[in-house]
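Thanks, everyone. Please look at it for a moment before I start.

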Amino acid sequence: MAAGMAGAKGTGMAGAKGTGMADVKMGKRSNGMEMKYADGLISMTYVRDFGRAGYMTFDDLVKRDHLQKAFFCAFQVDDEWLMDKLPRDINICVARHRGSDIPADVSTVYMPVTPRLMWVFPPMAGTEFGCMHSKIMMLWYPGFLRVVITSANLFAFDWELLENVVFVQDFPELPTAIPEGSSLGRFGDDLLSVLREMKIPRQVGVAMRKFDFGRARGVLVASKPGSFTGDDLSRYGHTALARVVRTVMGVPAGGTASLFYQTSSLGSLTVKWMNEFHRSACGLEPEQAPTKPRGAKATAEPDPRPFYVLFPTEANVKSSRLGAEGGGTISFQRRYWNNGVFPRDAMRNLILAREGALAHAKVMFWIRGDEERATRVLEGLVRPGGQGQSLGAGNRKGKGKEVGSGGRRMTAVDDDETTDEEDGEDGPRVKGPKPIGWFYCGSHNSTQSAWGNVTKPRGKDWTIRMTNWELGVVVPVYESGTDGVPPPVPVPFKVPLTKYRKDDVPWCVGKGFGQGPPMTP
């Protein structure tokens, strides 16, 4: 954290004094800027020495000469680096992980470097091991609001040396603000709910009501520290992902589906948890999980589902351009690998399209079919550069509609058909090309801390528990050439995937395999 923290005066949310996000007239900013990402875009970030064209930089998103105010959220923040990127005469709110130097009863701090800079520390629900891991930017420009969901922290290492992923969309300003209590559309409502739960100052939410989220091209999925059951079961974690998948695709109608998960931090995976997660990735509720046959041993596990984890080997990291010293944010522990139950057959070596680079990005592809068929689909999505097509490009039938809020939705019947249905909870479902799968990007790593673990105590309801704040976005994926719909997402890794060889071991920080300096998740 930046110097000056020890002397900063902190107050609780209710009694916070200072400049609120909407309380001070903005300094004069240039008006000569147009919306660049009105239809949304998913892009990989620029990596030094690998070429600039087709990749996203921090400065592509944050235009200091036009910026009117800003909200940022990240696990790790280099305050000096960030403030050098921003004007000093605007209101800035930064939500971040609570460090050990921040008293537990302090939720808001105004920094002495500028009275318009506020730090907020989202509540951690008493968890000892969790972290505030979401990465969000909300950037107010003349005439529009830019929303960014990313895997990148707010420091140079993530924006210049490691590959990360970005979802960005610009939302136009409305003639009049949407009244309190009225819906902002699914995307806007979900984002506002996250901000409220994080105890972000109310003024940030008020400022959101001046913009039209009706053309949002993705659906948000969030995690929050705590345990959730009953009506809250599907609000957070991988049970929330199940709800989002049903919104984006409709409930998959059986058959096989392959899940590819690129992650920069890997937990103690088990076949049980991977199957549980895979069911959610298919849009299924926990109660739809298969039951064990009568008389089966309590320790018996079902066959593993087609779930493949993309994570670099030790040799891969050491031979990268950054070498072992660049692997400090790629996190795994040797004891998990050697615990005797780790699903080693699920591991695939993460070899990036920009071979020799290292990644901090978290992405998932869920594709209908077995690994062979799904690989063919991925191969069809590969193109030069690190940006997908505009998420609205070529989508003629769904133009101008929000995913999951009255936009074009397909209801699965079988692997080859779609049908017309009556209006559902999330809007009309109309006939059209059916997605072949979905894509996720955001802050979630492949860990139970990020996505949660589902349990059902005897005589009680299903419960999911997680320890991290996380946020990501899900978009539908269409097979290349489907009805003129261009592939909307980048494929950051090489396909076909490479299995771990017998002598391969995953990169680990600390004692054991890799010896890179421990840094951050």
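I will begin with a charge over a ring. Arg321 lies over the face of Phe50, and the distance to the ring centre is 4.2 Å. There is also a lysine case: the charged end of Lys69 sits over the ring of Trp140, 5.7 Å from the centre of that ring.

Before going further, note that this is a predicted model. Mean pLDDT for the protein chain is 81, with 75% of its residues at 70 or more.

Some overall numbers. The protein chain has 521 residues, and 58% of them count as buried. Its secondary structure consists of eleven helices and 22 strands. Among contacts in the chain with a separation of 6 or more, 78% are between residues 24 or more positions apart. The accessible surface is about 21500 Å², and carbon and sulfur atoms hold 48% of that.

Now the ring pairs. A pair of aromatic rings is described by the distance of the centres and the angle of the planes. How many aromatic pairs are there? The count comes to 23. Take Phe58 and Trp159: their ring centres are 5.4 Å apart and their planes are at 75°, which is over 60 degrees, so this pair is edge-to-face. Phe58 and Trp159 are both buried.

Compare that with Phe332 and Tyr336. Here the centres are 6.0 Å apart and the planes are at 55°, so the pair is tilted. Buried or exposed, for Phe332? Phe332 is buried, at a relative accessible area of 1%. Tyr336 has 17% relative accessibility, and the cut-off for buried is under 20%, so Tyr336 counts as buried too.

Which residues do ring pairs link into a cluster? They are Tyr261, Trp273, Phe277, Phe307, Tyr440 and Trp451.

Last, the parts to treat with care. Over residues 1-30, pLDDT stays under 50, and the model has 79 contacts beyond four places in sequence for that stretch. Residues 394-399 also stay under 50 in pLDDT, and there the model has 15 such contacts. Where pLDDT is low, the predicted coordinates should not be read in detail.

That is what I have. I will take questions now.

Methods. Residues are numbered from 1 along each chain as its sequence is written. This is a predicted model: local features need pLDDT of at least 70, side-chain atom pairs count only at pLDDT 80 or more; totals for chains, interfaces and linings use all residues. Side-chain values use heavy atoms; hydrogens and water are left out. Helices (H or I, at least four residues) and strands (E, at least two) are DSSP runs, numbered from the N terminus. Buried means under 20% relative accessible area, exposed over 50%, partly exposed in between (1.4 Å probe, protein chains only). Contact means heavy atoms within 4.5 Å. Accessible areas come from the Shrake-Rupley method with a 1.4 Å probe; for residues, only the protein chains shown count as cover. Rings of Phe, Tyr and Trp (its six-membered ring) pair if their centres lie within 6.5 Å; planes under 30 degrees apart count as stacked, over 60 as edge-to-face and the rest as tilted. A charge sits over a ring if NZ of Lys or CZ of Arg is within 6 Å of the ring centre and within 35 degrees of the ring normal. pLDDT is the predictor's confidence in each residue, from 0 to 100.
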